[in-house]
Amino acid sequence: MKTADPISHQAFSTSFLLFAQYGGKAVIPVEDVCRDYFNHLTPDKFLRKVGAGEIALPVVRAETSQKCQKGVYLQDLANYLDQRREAALKEFRQLHR
């Protein structure tokens with residue numbers, strides 16, 4: 001009997017884990033996203049990279065003002081993290097055949 005690949009097994013969805021991590025917030029402030037997932041970037045640098053298309057992650061504005069609070073929708077962050085994980089798994093499997 002073939003066993004499941006432990007690397008590809010995911011007990012909880014990424015969105016569920018993010019929901020728990022961020023206390024049920026639908027939109028996570030850019031500062032929190034940077035602190036937790038892009039700690040090598042300042043929020044301003046993160047926003048520049050998003051604007052330039054270097055980070056494929058939509059940023060939500062609370063209103064149309066340039067100075068308003070900016071955040072990332074939880075499901076968009078979950079999708080981004082899942083895509084990065086898939087790319088890492090693909091690379092891992094190619095190296096460890």
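Trainee: Which helix holds phenylalanine 16?

Mentor: In this predicted model, phenylalanine 16 sits in helix α1, residues 14-21.

Trainee: Why is phenylalanine 16 called partly exposed?

Mentor: Its relative accessibility is 46%. Buried requires under 20% and exposed over 50%, so the value falls in between.

Trainee: What makes α1 and α4 oblique to each other?

Mentor: Helix α4 spans residues 74-95 and packs against α1 at an angle of about 125 degrees, the axes being 9 Å apart. Roughly perpendicular covers 65 to 115 degrees and roughly antiparallel begins over 145, so the pair counts as oblique. The crossing of α1 and α4 is right-handed.

Trainee: How do you know that arginine 35 and aspartate 32 form a salt bridge?

Mentor: Their N to O distance is 3.1 Å, and the cut-off is within 4 Å, so the pair qualifies. Both residues lie in helix α2, residues 30-37, three residues apart, about one turn of the helix.

Trainee: What is the distance between the closest N and O atoms of arginine 35 and aspartate 36?

Mentor: They are 2.9 Å apart, in a salt bridge. Aspartate 36 has a relative accessible area of 28%, between the 20% and 50% limits, and is therefore partly exposed.

Definitions and conventions
Residues numbered from 1 in each chain as written. Predicted model: local features only at pLDDT ≥ 70, side-chain atom pairs only at ≥ 80, totals over all residues. Heavy atoms only, no water. Helix = DSSP H or I, 4+ residues; strand = E, 2+ residues; numbered from the N terminus. Buried < 20%, exposed > 50% of the residue type's maximum accessible area, 1.4 Å probe, protein only. Axes fitted to C-alpha atoms, helices over the stretch in contact; angles between N-to-C directions. Parallel < 35°, antiparallel > 145°, perpendicular 65-115°, else oblique. Left-handed = near helix turned anticlockwise from the far one by under 90°. Salt bridge = Lys/Arg side-chain N within 4 Å of Asp/Glu carboxyl O.
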